[in-house]
Amino acid sequence: MDGYNFAYLDEQTKRMIRRAILKAVAIPGHQIPFAGREMPLPYGWGTGGIQVTAAIIGPDDVLKVIDQGADDTTNAVSIRRFFARTAGVRTTTKTAEASVIQTRHRIPETPLRADQIIVYQVPMPEPLYKLEPSRAAAKRRHALADYGEMHVKLYEDITRFGRVAVAYDHPVMVNERYLMSPSPIPAFDNPKMHMMPALQLFGAGREKRIYAVPPFTEVKSLDFEDHPFHPGRAEQKCALCGGTKSYLDEIVIDDQGGRMFACSDTDYCESRRA
Amino acid sequence: MAYVAVKGGEAAIAAAHDWLAATRRGDPAIPQISTEQITQQLGRAVDRVMAEGSLYDRELAARALAQAQGDIIEAAFLLRAYRTTLPRLIDSEPVDTSEMHAIRRVSAIFKDMPGGQRLGPTTDYTHRLLDFAEEATPAASLPPVEPAPMPRVTDMLGAEALLETDVCSEAPPGDLTMTPLKIPAGRDVRLQALARGDEGFLLGLGYSTQRGYGHTHPFVGELRVGEVAVSIVPPELGFAIEIGDVVLTECQMVNQFGGSISAPPQFTRGYGLCFGHADRRAIAMALVDRAMRAAELGEDVTAPAQDAEFVLSHCDNIEATGFVEHLKLPHHVDFQSELETIRAMRRDADGRV
C-alpha cells in the first residue's frame, strides 16, 4: 500500500517486536513487556496479535486469520484484509496451507505442524488479574513462582460447585515454571497447546506484553489429582458435518428455544463435508 | 493585567467575553457552521451532548456544540441549564425497546439468532487510516432497511432460566432531577445517573472492572440501536398516543454468576440505555451497572466501580467540571490563612530542632 511499509509497521518497530519475541521464546510462558504501538484497529480487536504477525510475516508467507474458529467472522475478515492490503501476502482459509495463523479464541482442530506459527490475540496476558488486579504485585508472584492463590481459587470452585467454574482462559503451567493465560480459548483447546510442534506466540497490544510457547514444550492445565482437568464441549454432534470431536457453536434458530450446533472451526467442518 | 488587579473585574469580564466571541467565530472569512451541518455531520457529538445534557433535542444540542466551540461538556452544561427552565408537562409511558426499529443489532454470545446480526452504520470493522480526501466519498445508495421483528437475545436465554429474571415494578421510577440522590440508591436511580453520566468516567470505570478491579465476567448479550416510539397518556383522553420517536442505544450485558444461598448459578444482567447511537456509553454503563450490583448479589465490594456511592457521586460531569475548575477562582482569603498557619508551624518546628 502506498505510503506504508511492508505489513504496516516500520522496520525499527518490527525489530523491537522480534527482540521481545526472542526473549519470550527463551523464557517459555514469561510475559515480556514491549512498546506496543497504536494500530489502525482498536485495542481489543487484536492489536497485539496484529503487531506480532506484522513483525514475523514475510512476502512468501501464507496467512490464515480466524476469530471464534471461523474465517468468515467480521473481525477475521477485517484483519485478513488488513494484511492482504498492507503486506500483499497470500491468504487462505485452509489450516494446512497456512504458514502463519492468527487467531482469536480458538486453536484449529487440524493439528499444527513444525513449519507453522500460531499467533494468539490476547486481551489479558496476566493470568492472576482476577485474583490480584495490581500488575506490580502479580509480577512479584511470578518471580517467586507463588501461584498458591490460583490453586485456592480452583479449590474453592470445587468445594462450592463440585467442579472448576472456568470454561475458557483456563490457566496453564508452562515448562513447569510460569503460570500463563492461554488467551480466552475454551478449555477444550488447552490440551492442543501441550507439546505442539508449531511455535505459539501471544500478543497483547493494550497491555503491551508478548509471550511464547516454543515447539514441543510442556503445557499443563492447572488441576488436582482427584479433580483432573476436564476439557468440555457441547455433547451434541455437528449438524453440518456430523463431527463429534470438534468444538461446537450453539446457534439460536427460533424464539421457541430451538437450537442448532455446528463446528466453530469452519475450515475443519468444510473439509469433512468435501 | 491579571485578574488579581484588585479592581476592574467588570471591564475584564466584558473584554474576555468579547475575545471569547471573536475566538468562537474564528476567521470571519470562513463561513459559519450551521446547526444543520452539525446535526447532519457531527451526529455522534450531538448524541453525546443530548445524553449528558439529559435532553433529547438534536437541534438544541447542535446549537450548544457550536456555542461551546465543540467542547462536549460545556455543550452538555448549556443544554442542562436550558433544560432546567422547561416546564414538566407529563411523563411519557415507558418505551418498549423490543419494538425498536433497529438499524443495528449485534450479539456477541451467539453466532446467529432470529432476526440475525445487523451491523448498521458502525466503525467497528473500519481500518483507522486517516483519510486525506477533501470531500467525503458520496455514500452509495443503500437499499431500504426492512424493519424486522427482533426478539431480545436475553429473552432466549431467559427461556431456559439460565438468566436471572428481571423484576418488573409498577412503582414510579425515581428521578434525580426532582429529588436529590440518596444512598443507598435503587437501581432505577443508579441507571438514570449512569445514563447521563460522563462517558469518559463510565468508560474508565467499566474498563477497570475488565482489568480485575471488580471483575464481572461480561458478555454483550445484545447491543441494539434504533428508533423507539414515545407515547403519552393525556388525562383528558385516557389512552396512549405517540408523540414522536427517539433514537436509543441499548446494551444487555450477560455476566457469569456463581450463585448464592438464595439463587442458583446463572447469568446475571448489566443494563445500559442511552440517547442516540452510542455503543461505548451503553456498554460501559452496563458494565458499571453490573459492578454496582455486587453487594446485592453477595459479592465482595472491593473496587471503585462496585462502590455505588463513589460512582454516583462522581459520574456527573457538570458537577465535576464545576468543582474541579472552580479551583481557578480567587481563593486568596483562604490561602492567606494557610500562609499564616504554615509560617506558625514552621516556627514551631524550627524551635524544636
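What covers the buried residues of helix 4 of chain B? In this predicted model, local features are described only at a pLDDT of at least 70 and side-chain atom pairs count only at pLDDT 80 or more, whereas totals for chains, interfaces and linings use all residues. Residues are numbered from 1 along each chain as its sequence is written, and chains are lettered from A and ligands numbered from 1 in the order in which they are written.

The cover over the buried residues of helix 4 of chain B includes helix 2 (35-41), helix 3 and helix 5 of that chain; helices (H or I, at least four residues) and strands (E, at least two) are DSSP runs numbered from the N terminus, and two residues are in contact if their C-beta atoms, placed from the backbone, lie within 7 Å. The buried residues of helix 4, which spans residues 58-67, are B:R58, B:L60, B:A61, B:A62, B:A64 and B:L65, where a residue is buried if 20 or more other C-beta atoms lie within 10 Å of its own, exposed if 12 or fewer, and partly exposed in between. Just after helix 4 of chain B, B:Q69 takes a positive phi of about 55°.

The largest nonpolar core has 58 residues, and those with the most contacts inside it are B:V49, B:A61, B:L79, B:C274, B:A282, B:M285 and B:V288; such a core is a set of buried Ala, Val, Leu, Ile, Met, Phe, Trp, Tyr and Cys residues joined through C-beta atoms within 7 Å. Helix 9 of chain B (residues 279-291) gives the most to this core, with eight residues. At least three residues of the core are drawn from each of domain 1 (10-83) and domain 2 (97-121 + 147-322) of chain B, the domain bounds coming from an automatic or database domain assignment. When residues up to four places away in sequence are not counted, B:V49 touches B:A61, B:A64, B:L65, B:I72, B:A75, B:A76 and B:L79. A second, separate core has 54 residues, including A:M39, A:V52, A:A198 and A:I210.

The C-alpha centres of domain 1 and domain 2 of chain B lie 29 Å apart, and the contact between these domains takes twelve residues from domain 1 and 14 residues from domain 2. On the side of domain 1 of chain B that touches domain 2, helix 3 (43-53) and helix 5 (72-83) each supply at least two residues, and helix 3 gives the most, with six residues. The residues of this side of domain 1 divide into six nonpolar, one polar and five charged; here Ala, Val, Leu, Ile, Met, Phe, Trp, Tyr, Cys and Pro count as nonpolar, Asp, Glu, Lys and Arg as charged, and the others, Gly among them, as polar. Elsewhere in chain B, the peptide bond from B:I183 to B:P184 is cis, with omega near 0°, and B:P184 is found in the loop between helix 6 (153-158) and helix 7 (187-195).

Chain A has seven helices and twelve strands, and its C-alpha atoms fill a box of roughly 60 × 50 × 35 Å, taken along the principal axes. Buried residues make up 43% of the 274 residues in chain A. Before helix 1 (11-26) of this chain lies A:A7, whose phi is near 60°, a positive value in a residue other than glycine, and which is buried, with 23 other C-beta atoms within 10 Å. A:Y8 lies in the segment before helix 1 of chain A, with a positive phi near 75°, and is buried, with 23 other C-beta atoms within 10 Å.

A:N175 is found in the loop between strand 6 (172-174) and strand 7 (178-180) of chain A, and counts as partly exposed because 16 C-beta neighbours lie inside 10 Å. Residues up to four places away in sequence aside, A:N175 touches A:P28, A:G29, A:T217 and A:E218.

The contact between the chains takes 19 residues from chain A and 19 residues from chain B. Helix 3 (74-86), helix 5 (148-161) and strand 11 (248-252) of chain A each supply at least two residues of the side that touches chain B, and the residues of that side divide into nine nonpolar, four polar and six charged. The model scores ipTM 0.83 and pTM 0.89.
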